[in-house]
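Hi,

Here is the structure I promised to pass on. Have a look at it first, and then read my notes below.

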Amino acid sequence: MPPKHTRPQLVWSEKYTRPHTAPRTLVEQRALSHQATDDRPDAPRENLLIQGDNLLALEALEPQYAARIKCVFIDPPYNTGQTFEHYDDDVAHARWLSMMRDRLVVLHRLLAEDGSIWITIDDHEAHYLKVLADEVFGRANFIGTVVWEKADSPRMDAQFLSSRHDFVLVYSKNREHASFNPLPVTELPKHYNRRDDNGRAYYLKPLRAMGGQGETRAARPNLYFSMTAPDGTEVYPKRQDGTDGAWRWSREKVARESARIEWTRSRGRGWSPNYRIYAKTNQTRPPESIWFHTDVGSNRTSKAEVKRVLPDAAPFGTPKPEALLQRILHIATDPGDLVLDSFAGSGTTGAVAHKMGRRWILVELGAHCLTHTHPRMVRVVDGEDPGGISAAVDWRGGGGFRFFHLAPSASRSEPTGS
Ligand SMILES: C[S@@+](CC[C@H](N)C(=O)[O-])C[C@H]1O[C@@H](n2cnc3c(N)ncnc32)[C@H](O)[C@@H]1O
């Protein structure tokens, strides 16, 4: 029976019919675990690749991992109506909503209080998913939507609009406790157009005060004094109309910061002092809500990455680029944090988390868990994946992981302890 609600919400047939799943256990398949006995102190203790349905797997993980996952990234089937080589992406709308709701509810319980969940989606279900996720995570915990530029060129056969983007919906478990890492500023704004002898970027700003009440001698008499130009002439601050102006700096600051002062000469005005504004070397910026393929890769990039790491496997149709995951994990996690992807596909999230020193749990249902996800993670561990973000993070291999499948609840093998 639908409960009485005061808040607006999504309703669909079967919404109030929940599956009754018998509890399942995770059983290690040691032959497929890889370097998992590595007991060096810096080795990750807790990387799990699980083959099976993710609802059952998430429920099996819950006793040990409830409120411990720092970042969930999921890239579920978008319900595009297509059949991909490795999975079917065409289910009834209501069934898709139930499928997502059941999994989001458990993912919510697995998330740590300071954790976040990132969900990729496109126009087919994005707006329904937003309302559904509001219900599970709470509207107040919605952080925002990232628009990822997934395509680098238009599809010439598009009937109306050539879709260039996917969405990434971002929720915190608890907005009060969430904190995101800023991004490093790698590109300087164009106006930092000069370099000093040490190669540090800066731009020049006139030392004469301009604009506002403080630009006149009358207003700031102590900032009216002469400065000596490179040719020995004494220069006073003069306004455009020739009347007496003021410097921005006091005599004391001019003496103290003389290394930052640089003189320029123009025909009409003669010598003018300027001061250098240096670019901060460790500048950061908050992540913005549009992510371009030139920064985080496109669908073309990701297909090439999987082809490179798995040259003998059938091409995987819908991977995500490693740089996209790198940005998400940089923002949402710190080294050592636990990352979970329960729609693992070719294993991009695991590969990136591993190379970035995060611990990870992947769940994949399809047979490609054995033909793609598993061999990809083996190559990452063995340092045989030179593509993706490997060069950027100087990845050379290391660590290990354990492989599990789902079995009926009788025999229980705890994934790990930490
Ligand atoms: C869009 S793909 C994910 C691709 C992945 N992000 C990557 O970079 O390769 C979605 C994946 O979810 C898997 N999947 C669908 N339903 C599932 C379920 N109930 N349990 C586990 N995996 C499932 C599919 O087999 C498919 O591999």
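**Helices on the sheet**

Helix α2 lies across β3 (69-74), β6 (111-121) and β18 (338-341), and runs at about 145° to β6. Keep in mind that this is a predicted model. Helix α8 (residues 348-355) also packs on the sheet, where it touches β2 (48-51), β3, β18 and β19 (359-364). The direction of α8 makes about 170° with that of β19.

As for the sheet itself, it is open and has 10 strands with mixed pairing, in the order β1-β20-β2-β19-β18-β3-β6-β8-β7-β17. β1 (24-28) and β17 (290-291) sit at the edges with a single partner strand each, so one side of each has no neighbour in the sheet. At the β17 end, two bridges join that strand to β7 (residues 142-149), and the two run parallel. W148 stands opposite W291 in β17.

Back to α2 (residues 93-110): its axis comes within 10 Å of that of α3 (residues 126-137), and the two cross at roughly 35°. The crossing is right-handed. On the α2 side the contact is made by L97, M100, R101, L104, V105 and H108, and on the α3 side by Y128, L129, L132, A133, V136 and F137. Those residues divide into 10 nonpolar, one polar and one charged.

Then there's the ligand. It has 18 residues around it, of which F343, G345, S346, T348 and L365 come nearest. By class, this shell has seven nonpolar, seven polar and four charged residues.

Last, the domains: the assignment gives domain 1 (24-185 + 285-408) and domain 2 (194-278), with their C-alpha centres 54 Å apart.

Cheers

Note on methods
Residues numbered from 1 in each chain as written. Predicted model: local features only at pLDDT ≥ 70, side-chain atom pairs only at ≥ 80, totals over all residues. Domains from an automatic or database assignment. Axes fitted to C-alpha atoms, helices over the stretch in contact; angles between N-to-C directions. Helix = DSSP H or I, 4+ residues; strand = E, 2+ residues; numbered from the N terminus. Left-handed = near helix turned anticlockwise from the far one by under 90°. Contact = placed C-beta atoms within 7 Å. Nonpolar A, V, L, I, M, F, W, Y, C, P; charged D, E, K, R; others polar. Near = placed C-beta within 6 Å. Pairing = 2+ DSSP bridges.
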